[in-house]
Amino acid sequence: QVQLVESGGGSVQAGGSLRLSCAASGYRYTLWRDSYCMAWFRQAPGEEREGVAAIHSSSSTKYADSVKGRFTISKDNAANTLYLQMNSLKPEDTAMYYCAADFCRSDYALGHYEYNYWGQGTQVTVSS
């Protein structure tokens, strides 16, 4: 299967930075990782899960408009780790952040319905 474990969340003041990590493992991931899309999603209380950033198997990236220019998604294939560098954080970025992975189903890659494998989440809290 595919196991995803996020880390790096925490509390930060507005304007600060955090880097989230997602360690991927499992026989299915090892076998198919070159065909996988990976993405970061977030969900605030009472809100729907929102796609934040995705990296396609082609290495192209996509971002939600709300984070463009502030967040950067990257992947270290040797370490089987996905990253999300978050700069210029705002209080509205406060949410539980989740890592997701699956075969790429479209060029969009930011729809939660495109992913079957999810991590447990890591909390990000930004204070004003």
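Predicted model: local features only at pLDDT ≥ 70, side-chain atom pairs only at ≥ 80, totals over all residues.

Trainee: Is aspartate 65 buried or exposed?

Mentor: Aspartate 65 counts as exposed, because its relative accessibility is 64%.

Trainee: And how many salt bridges does the structure hold?

Mentor: There are five. One of them joins arginine 42 to aspartate 93, with the closest N and O atoms 2.9 Å apart.

Trainee: Where do arginine 42 and aspartate 93 sit in the chain?

Mentor: Arginine 42 is in strand β4 (residues 36–43), while aspartate 93 lies in the loop between β8 (81–86) and β9 (95–103). They are 51 residues apart, so this pair links distant parts of the chain. Both arginine 42 and aspartate 93 are buried.

Trainee: What about arginine 105, which meets aspartate 102 in a salt bridge?

Mentor: Their side chains come to 2.9 Å, N to O. Arginine 105 is partly exposed, with 48% relative accessible area, whereas aspartate 102 is buried at 3%.

Trainee: Which residues do salt bridges with shared partners join into one network?

Mentor: Arg42, Glu50, Arg70 and Asp93.

Trainee: Okay, leaving charges aside, which residues form a nonpolar patch on the surface?

Mentor: Leu31, Trp32 and Phe103 do, with about 300 Å² of accessible area together.

Trainee: Which helix is leucine 31 in, and why does leucine 31 count as exposed?

Mentor: Leucine 31 belongs to helix α1 (residues 27–32). Leucine 31 counts as exposed because its relative accessibility is 58%, and the cut-off for exposed is over 50%.

Note on methods. Residues numbered from 1 in each chain as written. Heavy atoms only, no water. Patch = residues over 30% accessible without salt bridge, like charges linked within 9 Å, V, L, I, M, F, W, Y side chains within 5 Å. Areas by Shrake-Rupley, 256 points an atom, 1.4 Å probe, with all protein chains shown as cover. Salt bridge = Lys/Arg side-chain N within 4 Å of Asp/Glu carboxyl O. Helix = DSSP H or I, 4+ residues; strand = E, 2+ residues; numbered from the N terminus. Buried < 20%, exposed > 50% of the residue type's maximum accessible area, 1.4 Å probe, protein only.
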